[in-house]
Amino acid sequence: MKGIKEFAEGGEKVYYQQKILALANMLRNSKRTFALTGAGISTESGIPDFRSPGTGLWTKHDPIKVASVSALLRDPVTFYKVNLEHWINFTKARPNAAHYALARLERDGLLAGVITQNIDGLHLAAGSQKVWEVHGHLRTCHCLDCGESYSFDHLVSQYRAGTVPPICDRCRGVLRLDVVLFEDPMGEDFLHATRALTGCNLLLVIGSSLQVYPVASLPERTRQLVIINEGHTPWDLRANLVINGKAGQVMTDLLAALDRE
Ligand code: NAD
Ligand code: ZN
């Protein structure tokens, strides 16, 4: 005879499968669907997020203190020593099943694009074409004084050769990465992403705690909201569907459900 625990586990599995099927239906019936991703979609690629208990970067440093514009201007040496190794590791990561699943949904005509808070470039690496990187990326940097642009590799090779902070070849100004730091204004991609969401029927939020503004206000712009996340978010109660689980597994199960029908 089955015990209460086994019954409960069996019930949860059925409930999970029903949610996956419901999501597959929503996707098929939506004319304009976007994904909004956060650091949680990349944890399975080995990049720690900010807020997961125990492993999140937030538990080690206060990002507002170490990854802000004022921290860079006040003490660029410490800014680079604290942040650059993390960012170098981000660029070594490979996409996981969730990134690839979003690229496939776009190829199949089921997804209009991905709005990401991540700077790791993994959506582009997975083959997604329409990607708005609203917090910037790690491909380039520029001089704080003259604005001259350089590659990320140029900045890293200066750092590795002992030039900390890395500086501009032209005017010797300090270089900064093209990522949106705390206290920075949002970049152009945020404006474009906000506009693109006009007429959005369905927004899939994947791996974001939805606590960083103004991105956390984007779910206001969709008719239907689905949240795929391990932890809870302030939007859960307003979402049409919440699937608590690992992004890689949930997205793999979603593709399997779409393929079955
Ligand atoms: P966050 O750390 O605030 O939240 C991440 C959420 O993802 C958490 O709620 C957690 O429960 C969930 N999560 C963790 N692993 C998951 C998994 N495998 N599957 C499903 N959910 C999972 O992240 P945020 O909302 O993106 O905000 C943090 C800010 O940090 C962003 O602005 C982002 O730019 C920056 N950031 C980026 C990276 C990156 O580029 N990969 C990494 C760390 C932080
Ligand atoms: Zn310069």
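Helices (H or I, at least four residues) and strands (E, at least two) are DSSP runs, numbered from the N terminus. The structure described here is a predicted model, in which local features need pLDDT of at least 70 and side-chain atom pairs count only at pLDDT 80 or more, while totals for chains, interfaces and linings use all residues. Residues are numbered from 1 along each chain as its sequence is written, chains are lettered from A and ligands numbered from 1 in the order in which they are written, and side-chain values use heavy atoms, with hydrogens and water left out.

The domain assignment divides the protein chain into domain 1 (32-47 + 96-135 + 186-261) and domain 2 (50-92 + 138-179); such bounds come from an automatic or database domain assignment. The C-alpha centres of domain 1 and domain 2 are 26 Å apart. Between the two, 10 residues of domain 1 are in contact with seven residues of domain 2, contact meaning heavy atoms within 4.5 Å.

An open sheet of six strands has the order β3-β2-β1-β7-β8-β9, with parallel pairing; two strands pair if DSSP finds at least two bridges between them. At the edges stand β3 (131-133) and β9, each with a single partner strand, so one side of each is left without a neighbour in the sheet. From one strand to the next, the twist averages 15°. Strand β2 (residues 113-116) runs parallel to β3 and is joined to it by three bridges, and V114 has V131 in β3 as its bridge partner. Helix α8 (residues 188-196) lies across β1 (33-37), β2 and β3, and runs at about 135° to β3. Axes are lines fitted to C-alpha atoms, for helices over the stretch in contact, and angles run from 0 to 180 degrees between N-to-C directions. Helix α9 (residues 247-260) also packs on the sheet, where it touches β7, β8 and β9, and its direction makes about 125° with that of β8.

Strand β8 (residues 224-228) is largely enclosed by the rest of the structure, because four of its five residues are buried. Buried means under 20% relative accessible area, exposed over 50%, and partly exposed in between (1.4 Å probe, protein chains only). Strand β7 (residues 202-206) runs parallel to β8, and five bridges join the two; L202 is paired with Q224 in β8. Toward strand β9 (residues 241-243), β8 forms three bridges, again in the parallel sense, and I227 stands opposite V242 in β9.

Three bridges pair β4 with β5 in the antiparallel sense, with T140 opposite S151 in β5.

C146 belongs to the loop between β4 (136-143) and β5 (149-151), and C171 to the loop between α7 (152-160) and β6 (175-179), so the pair ties together parts that are 25 residues apart in sequence.

C168 is placed in the loop between α7 and β6. Its relative accessible area is 1%, so C168 is buried, whereas C146 is partly exposed at 31% relative accessibility and C171 is partly exposed at 35%. Not counting residues up to four places away in sequence, C168 touches C143, C146, E148, Y150, G173 and L175.
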